[in-house]
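Keep the structure open while you read.

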Amino acid sequence: MSVRTLLPVLLFLLCPVIAGQAQTTSQVNEWRQTHEQQIVDRFAKLISIPNVAADTTNIRRNAEHISQLLEAAGMRSELLELEGSNPVIFAERNSPGAEQTLMIYVHYDGQPVNPDNWASNPWQAVMRTDMVEKGGQTVPMRAPFDPDWRIFGRSTGDDKAPIIALQSALLALAASGIEPSVNLKVFMEGEEEAGSANLRRMLETHKDKLTADMWLFCDGPAHQSRRWQLVYGVRGTYGFNLTVYGADRPLHSGHYGNWAPNPIMLLTELISSMRAGDGEVLVDGFYDQVRSLTAEEKAAIAASPRMDKLLASDMGLGSPETNDRIELAIARPAFNLRGINAGNVGARARNVIPPSAEASIGLRLVADQTPDHLRSVIEQHVTAQGYHVIHDEPSADQRRQHNRLARIDWPSYGGYPAYRAPFDHPLALQISSILDKLSDRTLIQTPTMGGSLPLYVVEDVLQVPILILPVANHDNNQHGANENLRLQNLWDAIEIYAAVLTGL
Ligand SMILES: [Zn+2]
């Protein structure tokens, strides 16, 4: 039977489901429309509690306040504690007859602020008609609200919006007499922006409570086109410092130029031997472990709107360095030159050959690549270029014995692998289908985001599939000054959460 002949049959079978979902969505939206003032007030109150991870007193106030918000929405909540860690808010709510459990991850801490750069107090929510950069005017925080208005304050976009949206979705469902079809748990971390140093220990210590069929990470910005986006993975991160050496003191470039090796030249040649101009990494074995994109993942990318021209123009770029669209470029591992330190320039330039030159190189890893393997192939590559590789400052003897010396420093902490969930995981298929049907804005499925989150830690400890469902507007000034959340994104998030909670 062809798809065309099957279609009416499928539609007939699915109709009750779609109708049920549409009714839930309209009831939830109706509740939201009549409660916008309360939702915004609750959001403003939450924003007014400073949430920098190092500010442990206020962090605890946040945790306790959020715990109360979740309790008010019918969840049983507690703080998970661990020596030396900010508390994790853990809450759960079981639905009679539900067979699956969904865990929602959010972080309630935010990036530190520099109030001088903000147009208003970062810890006092302000409503404006648009971004500050676009001339947004301050308006009273009183309904009726224009959905394009924005709430400003630290963590409005990253990552307190999902807390208010989830609470509102639960309140809306309860008010409409609709029971979620899935058991819900939440895990809200209070030190994500400080590097999640205690995440592994926290997961290991409270492993029994944290079981779920899937973790849904609600963090980060939605797609630039404002369509829903479901992200299946993140890149890992690693990096190293590379130093090469010349003579043991600065040399007069007149007396010794063309005779003594110049470390800046050596360093730039060495870097050029590792990375081509289009981003391809030339290190033998670098791509050995890479898990390639599947046909489905490639098709999903091809079906999403191409943003390259717009992005390049927005950033003042003539063109990107590759012909590939950005989604394909960031699905590959990356070798990024973070900085070079050698000699001097401008008014401080001197006619010397400097004794050493140093570079900091950042790596973004894709699924299945391990820091161990990369460390080994990179050291092999540098050795193959004629260098003797060391890991400390060279001794006088080492300098004399080797024509070429390269010091490589790997971080003792700070690297972690990537994560990518399969498109065809049954729960991923269910969630993508719920989101796809939610509105006329077809879902964008993104195999991986370019940035890094420690999802692999969660997978490693709990052996659970993970998806990322970002809800904040892409232009939310995340991490910067005048961070904001567009109201329509908050309204949409409530609708999304209600649909996922009742559609699974
Ligand atoms: Zn975040």
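**Backbone first, then the fold**

Pro144 sits in the loop between β5 (138-139) and β6 (150-152). The bond joining Ala143 to Pro144 is a cis peptide bond, with omega about 0 degrees. This is a predicted model, so read each such feature as part of a prediction.

Asp159 belongs to helix α4 (residues 156-175).

Two residues other than glycine have a positive phi. For Asp368, phi is near 85 degrees. Asp368 lies in the loop between β15 and α11 (371-384). Is Asp368 buried or partly exposed? It has 16 C-beta neighbours inside 10 Å, so it counts as partly exposed. A residue is called buried at 20 or more such neighbours and exposed at 12 or fewer. For Gln463, phi is near 50 degrees. Gln463 is placed in the loop between α14 (455-462) and β20 (466-468). With 8 other C-beta atoms within 10 Å, Gln463 is exposed.

Now the sheets. Strand β1 (residues 76-80) pairs with strand β2 (residues 88-93) in the antiparallel sense, over 5 bridges. Within that pairing, Leu79 has Ile89 in β2 as its bridge partner. β2 is also joined to strand β7 (residues 183-189), again antiparallel, by 5 bridges. There, Glu92 stands opposite Lys185 in β7.

Turn to helix α13 (residues 426-438). At 1.5 Å a residue, its 13 residues should span 18 Å, and the end C-alpha atoms are 19 Å apart, which agrees. Its buried residues are Ile431, Ile434, Leu435 and Leu438. They cover an arc of only 90 degrees around the axis, so they fall on the same side of α13. Pro426 and Leu429, on the other side of α13, are exposed.

Ile431 also gives a view across the chain. Gln23 and Ile431 are 408 residues apart in sequence, yet 18 Å apart in space, C-alpha to C-alpha. Gln23 lies in helix α1 (residues 3-34). Gln23 has 12 other C-beta atoms within 10 Å, so it is exposed.

Finally, the domains and the core. The domain assignment gives domain 1 (12-222 + 470-503) and domain 2 (236-290 + 332-409). Their C-alpha centres lie 44 Å apart. The largest nonpolar core has 119 residues. Ala165, Ala169, Leu216, Leu467, Ile494 and Tyr497 have the most contacts inside it. Which helix gives the most to this core? It is helix α15 (residues 487-503), with 11 residues. The core draws at least three residues from each of domain 1 and domain 2.

Key: Residues are numbered from 1 along each chain as its sequence is written. This is a predicted model: local features need pLDDT of at least 70, side-chain atom pairs count only at pLDDT 80 or more; totals for chains, interfaces and linings use all residues. Helices (H or I, at least four residues) and strands (E, at least two) are DSSP runs, numbered from the N terminus. Domain bounds come from an automatic or database domain assignment. Two strands pair if DSSP finds at least two bridges between them. The expected span of a helix is 1.5 Å times one less than its number of residues. The arc is that of the directions from the helix axis to the C-beta atoms. A nonpolar core is a set of buried Ala, Val, Leu, Ile, Met, Phe, Trp, Tyr and Cys residues joined through C-beta atoms within 7 Å.
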